Amino acid sequence: MMADQIQFFFEVLIGGLLSGVMYSLVALGFVLIYKTSGVLNFAQGSMVLFAALTFVQLREKGLPFAVAFLITLILMAVLGITVERTVMRPLLNRSPIVLFLATLGLSYIIEAGAQLIWGTQVHALDLGISDTPIQVGPVSISQFDISAALISGTLVAALVFFFQRTRTGLTFRAVADDPFAALAVGLRLSRIWALVWITAGLIALVAGLLWGARLGVQFSLSLIVLKAFPVLVLGGFDSILGTIVGGLIIGATEKLAEVFVGPLFGGGIETWFAYVVALVFLLIRPTGLFGQKVVERV
Amino acid sequence: MTSLSTVRQQVLAGIDSHLVRRLAGPLLILLAAYGIVPLVADQYVIESLLLPFLSLSLAAVGLNLLTGSAGQLSLGTAAFMAVGAYGAYNVVLRLPWVPMLLAFVLGGIAAAAIGIVFGLPSLRLRGFYLAVSTLAAQFFVQWVFTKFSWFSNDNTSGVITAPQLRAFGLVFSEPTARYLFCLTVVMLLGLAAERLLATTTGKHFIAIRDNELAARIIGVPVLKTKITAFALSSFIIGVAGALWAFAYIRTVEPHGFNLDRSFQILFIIIIGGLGSIRGSFLGAAFIVVLPLVLSRLGSAIFGGIFDSGVVEMCQRMIIGVLIILFLILEPDGLAAVGRRLGPTLRRLLWRQ
């Protein structure tokens with residue numbers, strides 16, 4: 001009996017950790033843009049929806065996986081560049097709140113636009129990853145979850161490598177550190193920002209595919225931004241490492257709470273539990289796990 | 001002697017005409033709102049335009065105090081409306097001897113209390129970290145009212161049906177009566193908010209918005225001011241929620257106070273003008289009328305080709321575009337447009 005419970009506990013815990021990696025993936029899109037341009041991009045969720053809807057429609061038109069992926073990626077790049085040109089550039093040097101509100105407007109446009117173009121039906125998305133549970137010792141784990149976590153992990157690792165080890169990554173970091181200094185040494189801000197938005201588009205696409213395969217491609221996909229916020233708060237808005245650790249913590253506590261605490265209140269606590277975890281944590285560490293402590297000057 | 005009296009007369013005349021000019025606009029609006037509107041507006045206009053307009057305006061006034069004036073971004077406005085509505089409902093239900101107006105005030109106080117709880121993190125958190133805390137309020141409150149049927153008198157899906165509006169021994173059941181009731185409450189609270197901004201507390205709000213550290217250094221009690229902003233703003237939003245439930249839709253479900261509603265009120269203050277009480281009203285009018293105009297326009301141009309889903313998507317897109325355009329081109333919103341047009345209009349009127 002006791003052993004059963006421990007086994008169940010670990011199954012829930014591992015399931016939570018794995019879905020936590022997928023939360024990290026969504027949060028990563030935010031961090032990327034926030035780090036380099038100080039914009040908290042609420043439209044990230046609608047970009048996930050747009051990417052997933054586009055991909056699934058292209059697949060349903062009979063295109064092979066790679067072609068559909070490439071076309072969607074190109075569309076995301078066009079979207080990113082357009083956003084940079086038409087929304088972000090005119091709002092240069094405005095307050096963070098204004099920039100956030102602009103992305104809120106943007107999310108309405110992308111969300112409604114995606115559904116206008118592709119319709120509002122729910123589409124099933126099959127990535128060819130089987131979902132049969134595999135046994136690791138006594139604990140059974142969803143194969144899909146493992147694959148999704150692996151894909152997310154690879155992408156995160158690639159991004160960290162890109163940021164730390166490549167020249168473009170270095171310019172990204174320079175812009176994140178001090179846009180004016182970056183400008184002064186001759187970096188082209190607008191080009192870098194466009195690149196950042198394109199990268200965020202790529203992340204949105206991968207997140208859209210994984211989440212779409214799990215939940216079905218539909219409007220509610222854009223609501224996963226709301227899952228990413230607590231992760232961001234926990235990890236710090238500007239830390240890639242933080243989103244991963246934050247994602248794991250949120251994923252695990254959320255699943256555990258849902259299974260072991262939720263029934264006490266009649267369930268449904270997953271809508272807010274992650275937020276409370278993040279808030280309590282914040283009261284102890286106001287800049288998150290790995291967020292930068294900003295010294296302000298008057 | 002004569003010269004002195006002429007001067008005196010001129011000065012008095014000056015004050016007189018200045019006062020008249022200053023008060024003419026508001027008085028005309030009041031006259032129109034109380035005198036003309038009830039005579040000309042039919043039931044449809046009142047029920048589907050004026051009542052939502054008034055409740056949303058008041059909610060926007062509340063949010064504008066917090067976000068526009070004190071600079072604290074809130075994404076949980078609808079939650080505070082819900083607390084106001086459910087609070088007032090429960091007071092009326094459980095303490096039948098309490099006058100309804102007092103129930104509204106208590107609903108507002110309940111909202112203020114919840115506002116303070118979720119505003120407490122603002123003592124340590126800034127900017128987006130705080131916004132996330134208000135999102136927590138949004139989801140938590142909605143969950144509470146859906147899950148615990150005690151709040152909705154044991155209705156399993158959390159739906160409440162508000163009793164008839166009563167105050168001073170009168171029953172406000174006709175649309176016109178409910179409109180006048182709403183109008184009075186909104187006018188009084190709007191005026192109070194306007195006055196608040198002229199007080200020291202109001203100045204403190206603005207100081208914190210513009211530069212928190214600088215405000216602290218010149219001696220603004222930052223913590224107290226932030227909590228005050230959360231409390232007053234949530235109180236007004238709570239009363240707006242009570243009006244929404246009692247005077248406007250009357251049968252309310254928790255889902256009616258979802259995140260989209262919070263965003264809607266945020267959009268109202270962006271379009272109307274951040275930090276402007278007058279802007280809250282202009283923005284609310286805009287947001288209430290826009291969908292109607294768009295759907296009329298759409299069916300006039302395209303006929304009935306498109307179904308309601310497509311029309312709704314188009315509306316969302318247009319709202320999104322408008323938000324971005326306003327932020328880029330007219331950051332001070334319709335209130336600034338009004339300020340620019342005001343003098344021109346006045347000159348035209350007074351020249352005759």
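Is B:Asp260 buried, partly exposed or exposed, and what is its relative accessibility? At 35% relative accessibility, B:Asp260 is partly exposed (buried being under 20% relative accessible area, exposed over 50% and partly exposed in between, with a 1.4 Å probe and protein chains only).

The views show a predicted model, in which local features need pLDDT of at least 70 and side-chain atom pairs count only at pLDDT 80 or more, while totals for chains, interfaces and linings use all residues. Residues are numbered from 1 along each chain as its sequence is written, chains are lettered from A and ligands numbered from 1 in the order in which they are written, and side-chain values use heavy atoms, with hydrogens and water left out.

**View 1. Helix α12 of chain B.** This helix comprises residues 308–329 (helices are DSSP runs of H or I with at least four residues, numbered from the N terminus). Its 22 residues reach 31 Å from the first C-alpha to the last, close to the 32 Å expected at 1.5 Å a residue (the expected span being 1.5 Å times one less than the number of residues). The buried residues of α12(B) include B:Met313, B:Ile319, B:Leu322 and B:Phe326.

**View 2. The salt bridge between B:Arg316 and B:Asp260.** The two side chains meet at 3.8 Å, N to O (a salt bridge being a side-chain nitrogen of Lys or Arg within 4 Å of a carboxyl oxygen of Asp or Glu). The pair links distant parts of the chain, 56 residues apart, with B:Arg316 in helix α12 and B:Asp260 in helix α10 (residues 259–272) of chain B. B:Arg316 is buried, at 15% relative accessible area. Through shared partners, salt bridges join A:Glu111, B:Asp260 and B:Arg316 into one network.

**View 3. The salt bridge between B:Arg178 and B:Glu47.** The closest N and O atoms are 2.5 Å apart. Because B:Arg178 lies in helix α6 (residues 175–198) and B:Glu47 in helix α2 (residues 43–69) of chain B, the pair ties together parts that are 131 residues apart in sequence. B:Arg178 is buried at 1% relative accessibility, whereas B:Glu47 is partly exposed at 26%.

**View 4. A nonpolar surface patch.** The patch covers about 870 Å², and its residues include A:Phe8, A:Val261 and B:Phe148 (patch residues have over 30% relative accessible area and no salt bridge, nonpolar side chains being joined within 5 Å and like charges within 9 Å). Its largest share, four residues, comes from α1(A). A:Val261, in helix α10 of chain A, is partly exposed at 32% relative accessible area.

Notes
Helices (H or I, at least four residues) and strands (E, at least two) are DSSP runs, numbered from the N terminus. Accessible areas come from the Shrake-Rupley method with a 1.4 Å probe; for residues, only the protein chains shown count as cover.
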